[in-house]
Amino acid sequence: MRGKYVIAGIGHTAFGTLGLDTISLNVQACRAALADAGIDKSAVDGLFVKVPTSAKEILYAQKLSEAMGVQPRWGGAWDQGGAANITLIDMAMMAIETGQCEVALVTYADNPRSGSRAAYARPRGDDAVYGWFSTAAGYAMIHQAHVAEFGTPPEAFAAVAMAARRHGAANERAQLRKPIGLDDYLQSPWVVQPLRRDDCCLVSDGGGAVVIMSAKRARALQVPQAVPILGVGGGQTSYDVQLRDSLTSTEARRSGQLAFEMAGLKPADIDVAQIYDCFTITVLMTLEDYGFCRKGEVQHFVRDGQIEAGGRLPVNTAGGLLSETGMPGMQLIHEGVRQVRGTATLQVKDARFSLVSNQGGTMHTHSTLILGG
């Protein structure tokens with residue numbers, strides 16, 4: 001499968017407070033992705049959609065197909081939280097491989113900023129009676145566990161936030177374009193201690209889409225900037241946070257191993273990475289579990305600007321969820337594509353291999369994508 005399939009086009013909406021329904025946002029993103037690929041919607045016979053987190057609906061893919069005026073032979077709606085976007089790319093590749101479709105759209109949109117944020121603030125099972133509310137609560141526990149086990153200092157979390165905000169400041173598409181320094185991070189207010197405001201991603205309306213097809217078809221259609229998919233992988237746990245054997249490891253271990261093996265690459269080969277950053281702790285633990293550094297040593301890996309543009313591994317070069325948009329996952333895929341194409345705003349020189357991670361729930365699901373020219 002290595003290099004047999006490509007991302008032929010990418011497209012997205014604006015990000016922020018948009019006041020549009022999710023179908024409209026998906027249509028906009030898909031239209032932009034098809035235009036980027038240089039193909040008409042009549043070529044699309046596969047549609048794979050992530051269910052909107054804030055407003056789940058039945059037969060959502062069919063509603064979107066009707067709104068777009070397309071009749072896909074294969075597809076549907078799927079939910080793995082923020083890991084779903086890469087998983088759907090994997091599913092689209094498998095569908096094309098087995099002859100179910102030939103040209104697939106993978107898309108996701110949501111509007112929690114102008115609509116409802118209740119999905120992120122909901123009570124967490126029976127433990128809600130003890131104060132277990134919101135997505136942030138689970139990540140606060142994981143953050144605290146990493147600090148307790150490895151002595152991870154505030155400066156390590158700050159390094160992630162500062163890198164994202166520096167990169168977002170250079171990105172005219174970003175929802176938040178305000179760089180921060182260490183003092184700004186340390187003075188930002190608590191959300192759920194030990195999580196500070198600058199540890200937490202944005203809440204955003206928006207949508208994004210990609211076009212998936214075989215490399216052979218992309219050549220036949222003369223797609224101008226198709227990017228080969230070299231590796232994919234996934235992993236998940238069904239245990240909720242408080243029931244896990246360890247709070248300091250993630251499914252990035254399995255997901256990353258599968259993707260690296262498929263791509264025939266090692267972490268040292270990666271030139272630029274787009275790491276899911278719903279919270280700063282997610283980036284730190286993902287870097288460890290992918291093998292960029294040993295467990296407990298990520299505080300040294302990220303210091304002194306080493307994950308910023310110009311560092312040894314630039315991370316989230318468009319700002320990620322912490323600065324570009326809180327829309328989970330698809331924007332990271334887009335920036336991974338731009339880096340390989342050589343069209344990113346903060347372009348990494350001679351970027352050949354680009355890694356993207358997606359992650360969902362409270363580190364319940366993980367998916368990995370490796371792109372290369």
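1. In this predicted model, strand β2 (residues 46-50) runs parallel to strand β4 (residues 103-110), and four bridges join the two. Within this pair, Phe-48 has Val-106 of β4 standing opposite.

2. The β2-β4 pair belongs to an open sheet of nine strands, ordered β3-β2-β4-β7-β1-β8-β11-β10-β9, with mixed pairing. The edge positions are taken by β3 (74-78) and β9 (272-274); each has a single partner strand, so one side of each is left without a neighbour in the sheet. On average, neighbouring strands are turned by 25° against each other, direction ignored.

3. Helix α3 (residues 84-97) packs on this sheet. The strands that α3 touches are β1 (5-12), β2, β3, β4, β7 (206-214), β8 (227-236), β10 (353-360) and β11 (365-372). The direction of α3 makes about 160° with that of β2.

4. Helix α10 (residues 280-290) also packs on the sheet, where it touches β10 and β11. Its direction makes about 120° with that of β10.

5. Helix α10 packs with α5 (residues 134-150) as well: the angle is about 55° and the axes lie 10 Å apart. The crossing of the two helices is left-handed.

6. Which residues of α5 and α10 meet? From α5 come Tyr-139, Ile-142, His-143 and His-146; from α10 come Ile-281, Thr-282, Met-285 and Glu-288. By class, the residues of this contact are four nonpolar, three polar and one charged.

Terms used
Residues numbered from 1 in each chain as written. Predicted model: local features only at pLDDT ≥ 70, side-chain atom pairs only at ≥ 80, totals over all residues. Heavy atoms only, no water. Pairing = 2+ DSSP bridges. Axes fitted to C-alpha atoms, helices over the stretch in contact; angles between N-to-C directions. Contact = heavy atoms within 4.5 Å. Left-handed = near helix turned anticlockwise from the far one by under 90°. Nonpolar A, V, L, I, M, F, W, Y, C, P; charged D, E, K, R; others polar.
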